Amino acid sequence: LGLALFAGRAEAVSAAGGTVTNYTDAGGTNWTAHIFTNSGTFTVTSGGEIDVLVVGGGGGGGKGSQNRAAGGGGAGGVTNVSAFAVSPGNYAVTVGDGGAGSTGSNGGNGSPSSLSTVTALRGGRGADQLGQAAAGGGSGGGGSYGHKDAGTGEQGQGHDGGSAAAASSNRGGGGGGGGGG
């Protein structure tokens, strides 16, 4: 499950949507955060600049069996934009789902999350023991017994997945890459 978080100085921007939380930072500035854990609409009634944090849905893990490990799914990409200008109006918010873990031969990639032009990429699926290879994305999925190489992460949004251990029948799977640039 991805996440979208928008915060603006409480006195500068007026908006509705998501779960609203007011807080004061250490410097005494009042902020209003709009947190979306599902897709929805961010409605701005008085414009200004906001800080935006968007996280894509993570990738599902691959399938392993018989001492042959699969790779872990990669984290969703993370995008952080300061001073993003918003005008009065409605902004579509898309919160990406996480990818399903493999139950057969294919694990799922996550889905991207976005607000307007700010997008966080999906996490890449982990490699199956003998089926599909790991996928890239915001963060790459880990390698497996059958597909040692990991998926690559997008620079600025995430990191590469881990490659699987050296070839043997007891090869460990690689972990998915972590989010954030």
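Q: Before we start, what does buried mean here?
A: Buried means under 20% relative accessible area. One more thing: this is a predicted model.

Q: OK. Are phenylalanine 36 and phenylalanine 42 buried or exposed?
A: Phenylalanine 36 is buried, and phenylalanine 42 is too.

Q: How many aromatic pairs are there?
A: The count is one aromatic pair. Phenylalanine 36 and phenylalanine 42 form it, and the pair is edge-to-face.

Q: What are the distance and the angle in that aromatic pair?
A: The rings sit 6.4 Å apart, centre to centre. Their planes make an angle of 85°. Over 60 degrees counts as edge-to-face, so this pair gets that label.

Q: New topic, the largest nonpolar core. Which residues touch the most other members?
A: Phe42, Ile50, Val52, Phe84, Val86 and Leu115 do. The core has 15 residues.

Q: Which strands each supply at least two residues of this core?
A: That would be β5 (40–46), β6 (48–55), β7 (78–86), β8 and β10 (118–120).

Q: And which strand gives the most to this core?
A: β6 does, with three residues.

Q: Now the open sheet. What is the order of its strands?
A: The order is β2-β5-β8-β9-β10. That makes five strands, with antiparallel pairing.

Q: Which strands stand at the edges?
A: β2 (14–16) and β10 do. Each has a single partner strand, so one side of each has no neighbour in the sheet.

Q: How are neighbouring strands of this sheet turned against each other?
A: By 20° on average, with direction ignored.

Q: Walk me through the pairs. How many bridges are there between β2 and β5?
A: Three bridges, in the antiparallel sense. In one of them, alanine 16 has threonine 43 of β5 as its bridge partner.

Q: And how many bridges do β5 and β8 have?
A: Five, and this pair is antiparallel as well.

Q: Where do side chains point along a strand?
A: In a regular strand they alternate between the two faces of the sheet.

Q: How many bridges join β8 to β9?
A: Two, and those strands run antiparallel. Threonine 94 stands opposite serine 114 in β9.

Q: Tell me about serine 114. Where is its place?
A: Serine 114 is in strand β9, which covers residues 113–115.

Q: Why does serine 114 count as buried?
A: Its relative accessible area is 17%, and the cut-off is under 20%, so serine 114 counts as buried.

Q: Which residues is serine 114 in contact with?
A: Leave aside neighbours within four places in sequence, and the contacts are Val54, Ala92, Val93, Thr94 and Thr119. Thr94 is also the residue opposite serine 114.

Q: Last one, glycine 99. Where is its place?
A: Glycine 99 is in the loop between β8 (89–94) and β9.

Q: Is glycine 99 buried or exposed?
A: Buried, with a relative accessible area of 18%.

Q: What is glycine 99 in contact with?
A: Again leaving aside neighbours within four places in sequence, glycine 99 is in contact with Gly58, Gly59, Gly60, Gly108, Asn109 and Gly110.

Q: What separates the C-alpha atoms of glycine 99 and alanine 127?
A: 13 Å separates them, and along the chain glycine 99 and alanine 127 are 28 residues apart.

Methods: Residues numbered from 1 in each chain as written. Predicted model: local features only at pLDDT ≥ 70, side-chain atom pairs only at ≥ 80, totals over all residues. Heavy atoms only, no water. Helix = DSSP H or I, 4+ residues; strand = E, 2+ residues; numbered from the N terminus. Buried < 20%, exposed > 50% of the residue type's maximum accessible area, 1.4 Å probe, protein only. Contact = heavy atoms within 4.5 Å. Phe/Tyr/Trp six-rings, centres within 6.5 Å; stacked < 30°, edge-to-face > 60°. Core = buried A, V, L, I, M, F, W, Y, C linked by side-chain atoms within 4.5 Å. Pairing = 2+ DSSP bridges. Axes fitted to C-alpha atoms, helices over the stretch in contact; angles between N-to-C directions.
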